[in-house]
Amino acid sequence: MGLFSVTAPPQPILSTSSSSSSRKFAIDAHSFSSARSIAASTNLNFTGFTSQTSVRAAPKSNQVRAQAVAQESQSKDDDLVFVAGATGRVGSRTVRELLKLGFRVRAGVRNAVKAEPLLQSVRQIKVDNEASVVEKLELVECDLERDRIEPAIGNASVVICCIGASEKEIFDVTGPYRIDYQATKNLIDSATISGVKHFILLTSLGTNKIGFPAAILNLFWGVLLWKRKAEEALIKSGLPYTIVRPGGMERPTDAYKETHNIFLSKEDTLFGGQVSNLQVAELMSFMAKNRGLSYCKVVEVIAETTAPLTPMEELLAQIPSQRQDSSLLKKSQTESELDSSPSKVSSEAKIYVIDEPTQAEVPRSQPLSPYIVYDDLKPPTSPSPTPPSSTSIEQELSKVAAQINLSDSKAVIAETKSVQFEIQERRPQSPYTVYEDLKPPTSPTPTPSKQ
């Protein structure tokens, strides 16, 4: 396998590798001089190409390979991001936004000569009174369809894939399969071997749908079908991932964000919409900075004039994750173990006491009222009404008769008894007899008509 590399202190700036024996990578004098002129105009310290042929020995065993991967994953640089498709419309903007956030970027390009527009735009970025952030940019020349990509990824902790079949090559039948699926899958496999900590994949709205508008977009040689295959490969890889499905990005310019705010939704919920390349680049850069908020999520994004201006962290927090964060799970398990460790002795004692045989006791019946203990707190009891008896009436009447000095008290008592019974019998049941004004209106009784 031919390996072409360019080394620049303190780390490699551009490396190209080819694994196909039938394909020969050649650098003509024009490309060589152009690449050197690019490096001379920047601080990339591009020293030149040195062609060397080396044979990479395969690992002696899978265990040796696993140990090497583990060591590489532990040595990952959290501030280094590898961007595939860095010269594209979304990729170039993503590189600039990552540099603005303080990341160092390894830009994967097919041809370093075509990266001149990217370098010119990077030179104009000024962050925190720095003269230029171009020193934080590394150009890595690689072909995702043929090369081994692990050396290009290096010790980057995040990989952002912005590649896609070009709409200009509409007559290329194999374009969507080669670029959107095969090249993306090669990058996913290499990222898995390299042990990256997060993979962000840019696909498209409608990748998992049928009907309009997916059917129309699939006329471009099944592009959405192959993008969906790439999504499935990323999910099955086991890598922490984020899949970004933007709406149409052809027409909106960078000024689109001034009148349209982004709107995020969970997978398979949006059917159309537009968003600018810059807005998608800003979103993916924010995801690289806040991996916990974007952990294992499928995000659909469009921009609308009616959408409120909402911070990205709030928008991402509303999208559900499809996998529980293993780091958060380990943290919660550690905290639970620390909380439970001091109480091991007491918990064992409690279990010992519970296991002791206990004698069955007959439950005592206790009244429900609490006043049996506190006599002073007993509520006052109301006397129960008792019907008046005839003897009590006779006693009261006898007393009255004695006071008025009546000679024949017995006759008076008998007479009052008869009067009392007559009053009780004559007393009507309706209360309206006492209050004439409160009587209800009576309905007239129908009378037979006279003939």
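The following exercises work through parts of this predicted model.

Residues are numbered from 1 along each chain as its sequence is written. Because this is a predicted model, local features need pLDDT of at least 70, side-chain atom pairs count only at pLDDT 80 or more, and totals for chains, interfaces and linings use all residues; side-chain values use heavy atoms, with hydrogens and water left out.

**Exercise 1.** Find which strands pair with S5, and in which sense.

Solution. Start with the terms: helices (H or I, at least four residues) and strands (E, at least two) are DSSP runs, numbered from the N terminus. Two strands pair if DSSP finds at least two bridges between them.

Step 1. Strand S4 (residues 77-84) pairs with S5 in the parallel sense over five bridges. Within S5, Gly108 is the bridge partner of Ala84. From S4 the chain crosses through helix H3 (residues 89-100) to S5, and this β-α-β crossover is right-handed (with the strands pointing away from the viewer, the path from the first strand over the helix to the second runs clockwise).

Step 2. Strand S6 (residues 137-141) also pairs with S5 in the parallel sense, over five bridges. Here Glu138 in S6 is the bridge partner of Arg106.

**Exercise 2.** Explain why S5 is described as largely enclosed.

Solution. Buried means under 20% relative accessible area, exposed over 50%, partly exposed in between (1.4 Å probe, protein chains only). Five of the six residues of S5 (residues 104-109) are buried, so the rest of the structure largely encloses this strand.

**Exercise 3.** State the sense in which S9 and S10 each pair with S11.

Solution. Step 1. Strand S9 (residues 241-246) and S11 pair in the parallel sense over five bridges, and Val299 in S11 is the bridge partner of Val244.

Step 1. Strand S10 (residues 261-266) and S11 pair in the antiparallel sense over six bridges, with Ala303 in S11 as the bridge partner of Ile262.

Step 2. As for cover, seven of the eight residues of S11 (residues 297-304) are buried.
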